[in-house]
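Visitor: Hi, I have a structure here and would like to talk it through. Can you walk me around it?
Guide: Happy to, let's bring it up.

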Amino acid sequence: MKSYLFVLRKPAHSGAHVQEMLDIILTTAAFDQKVSILLIDDAVFQLKKGQHPENVGMKDTAAIFNALEIYDVNDIYTEIESLQERGLKPGDLCLPVREFYRKDIAGLMKRFDVIFAG
Amino acid sequence: MKFAIQVNTSPYQSNAGHTAYQFINVALAQGHEVFRVFFYHDGVYQAFKYATPPDDELQFTSQWSELARRYQIDLVVCISAAQRRGLLCSDEAKRQGKQDDDLAEGFRISGLGQLVEATLEADRFIVFG
């Protein structure tokens, strides 16, 4: 077994990107690997509450995040500065996240076998 | 060292695919092993056999096919990403009642499990694009 950190950086509904990244995340979890997710930069918007993606013809990816628990994906990390720069608070997100300061992100990454850039 | 490679961008969207191609060539020349190259997101466009750029431009798809032929590298295109974008191999097209045969020589179509397996087998996993 390896530990994976999926580093997501793109906003929700940037084409099929988020949806396709979630497909990899779910497949990796289905292979019984240890899966964690780090949301930085515009990716913090992926968990924002109150999305209506159907209005722009996109799939509701926030709902898929809510299903991650079924696959034992419980560790979702985010960067404090990325939230602050975008005027978001943890309460604005649809899932509980663990927050890290930017200076501590490199240390977080060192804990994993595979860093998956997405 | 054993590498697994993922390519996420199309040939005319970014040069990341060509950078991956150059990296693989150098890695192999230095005696490293490339376990698999996995094409995902718009990276599936690297595998379209009917891409026909002008003669004086790089032939990206042919370069991949030649790489696969020369080194027996496993070039895998993600089936769900490919079908979304209209790339179907002949078997899959038949199954869907369509007539496509889009996959260039040296590539094969398979699922995301092949990507996860590659990351498990490899010493290093590198994402391009």
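**Around the first helix**

Guide: Keep in mind that this is a predicted model.

Visitor: OK, and which residues of α1(A) are buried?
Guide: They are V18(A), E20(A), M21(A), L22(A), I24(A), I25(A) and T28(A).

Visitor: Why would residues three or four places apart point the same way?
Guide: An α-helix has 3.6 residues a turn, so residues with that spacing face the same way.

Visitor: How many residues does α1(A) have?
Guide: It has 14, covering residues 17–30 of chain A. From first C-alpha to last, α1(A) reaches 20 Å, close to the 20 Å expected at 1.5 Å a residue.

Visitor: What follows α1(A)?
Guide: D32(A) does, and its phi is positive, near 60°.

Visitor: Switching to strands: how many bridges join β2(A) to β3(A)?
Guide: Four, and the two strands run parallel; β3 covers residues 75–79 of chain A. Within that pairing, L39(A) stands opposite T78(A). Together with α2(A), these strands make a right-handed β-α-β unit.

Visitor: And where does the chain go from β3(A)?
Guide: It crosses through helix α3 (residues 80–85) of chain A to β4(A), in a β-α-β crossover that is right-handed. β3(A) and β4(A), the latter residues 98–100, run parallel and are joined by three bridges.

Visitor: Which residue is the bridge partner of Y77(A)?
Guide: That is R98(A), in β4(A).

Technical notes: Residues are numbered from 1 along each chain as its sequence is written. Chains are lettered from A and ligands numbered from 1 in the order in which they are written. This is a predicted model: local features need pLDDT of at least 70, side-chain atom pairs count only at pLDDT 80 or more; totals for chains, interfaces and linings use all residues. The expected span of a helix is 1.5 Å times one less than its number of residues. A residue is buried if 20 or more other C-beta atoms lie within 10 Å of its own, exposed if 12 or fewer, and partly exposed in between; C-beta atoms are placed from the backbone. Two strands pair if DSSP finds at least two bridges between them. A crossover is right-handed if, with the strands pointing away from the viewer, the path from the first strand over the helix to the second runs clockwise.
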